[in-house]
Each structure stands twice: as C-alpha cells, then as structure tokens.
Amino acid sequence: YHCIISDRPVNLNESYNKMADEANGKYIWCLNDDTEINTGGWDKIILDKIDAFKDNNKIVDDIIYANIYDTSIDKPTGRTYASFPMISKQAVKILGYFFPPEFNSFGGDSAIFRVYEAVNRVLTIPEILVDHIYHNNIYRVMSPDLTASEMRKSCNNIDPFTFDISMSVFKLKRYILDENRISTN
C-alpha cells in the first residue's frame, strides 16, 4: 500500500503520470475522486476480457488500453474514448506516461485513446460502468464544484483530436513489432 498526499496539482496529468510510474500493478486505472465503479466483480471481468482479447488477437506483448464505459455526458458527440481508461504498465513504461503531459487537465483522455486506437490495442468493455458523478448530468456539468471550476480555468485548451500523437504511435508500433519478431523466432 502506497499513499501520496499533496496539494492539488497544477497539471493533473503530470500527477497521474507520476503515480502511474510508481504503481506496481500490471494494469493501471486512474480514477478521479468523483467516480464510483457501478459494476460488481469488475476486476475479474476486466482481467478475463484482457486475456480473451490477447488470445483472440494473438498478442504476445501487454500493450493494452481498456476502454471502460463512464457516465460523462460532456464528451463530443460520437467520441467513444474512456474518461478513465485502464492501461497496461508495460505501455506506460514504453511511452513514459499514462496521459500526455502536454495536457494539464482536460484532453489527455481523448488524445491517449487515439494513440492506442492507432496501434489496434483498444479493448472496449461495456460491462463495466464508472459513474462520473460531477459529469453525469447537464446540471452538474453547468454548475461545477470549486475543483472543476479551477481545473477549467487552468486548462491549456490543446485540441486532443488534432494533437500530434505520431511519436507515441511510433514507439508502441516499434515495440509491438520487436515483440512479435522475438516470439516468432
């Protein structure tokens, strides 16, 4: 058990990245304090789905992005990324981050989805639902609490859908190709 206590970070994603770097688990799930997991047995469901995904796709490495469903209503129409993805520790090590540190608050979740989508490693798990309490209805989105209000003010407004992900995609593709070459020899 490891606990980190600090003041509210200026860059939320750098804080996530620091915690992800220190984490010991095989898979990392960054959740905000305004979330609730609404699915019993979620851990077994996720691990079984990951194993099946890897088996069905003949994946020999552990580059995985688990697209966990959430109740956030403030995503752009048609976007299917997870506000709170589960990402393999191996992938975090390769990239050097969980969320791109260029995003100091909003947008990192959208950008990182694009990275894993580009390397065909998105596993969607609709059986798990995370209630994002302060983002689950229009009233809460339009009437943010102090924390959300401060995060919005400090947001650096980088467009996550046009943000350059090419270097991250390159790093993962290179690793995946090397692992496949090793496993076939």
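Mentor: Let us begin with contact, which means heavy atoms within 4.5 Å. Leaving aside neighbours within four places in sequence, aspartate 34 is in contact with Asp131, His132, Ile133, Tyr134 and His135. This is a predicted model, in which local features need pLDDT of at least 70, side-chain atom pairs count only at pLDDT 80 or more, and totals for chains, interfaces and linings use all residues. Residues are numbered from 1 along each chain as its sequence is written, and side-chain values use heavy atoms, with hydrogens and water left out.

Trainee: Where is the place of aspartate 34?

Mentor: Strands (E, at least two residues) are DSSP runs, numbered from the N terminus. Aspartate 34 is found in the loop between strand 1 and strand 2.

Trainee: In what order do the strands form the sheet?

Mentor: Two strands pair if DSSP finds at least two bridges between them. Here 5 strands form an open sheet with mixed pairing, in the order 1-4-3-5-2. Strand 1 (27-29) and strand 2 (35-37) stand at the edges with a single partner strand each, so one side of each has no neighbour in the sheet.

Trainee: In which sense do strand 3 and strand 5 pair?

Mentor: Strand 3 (residues 65-70) and strand 5 (residues 122-132) pair in the parallel sense, over 6 bridges. Aspartate 70 has valine 130 in strand 5 as its bridge partner.

Trainee: Which backbone atom lies 3.5 Å from a polar atom of the side chain of aspartate 34?

Mentor: That atom is the backbone nitrogen of tyrosine 134.

Conventions:
Helices (H or I, at least four residues) and strands (E, at least two) are DSSP runs, numbered from the N terminus. A polar contact is a pair of N or O atoms within 3.5 Å; within protein, one must be able to donate a hydrogen and the other to accept it, and residues adjacent in sequence count only if both atoms are side-chain atoms.
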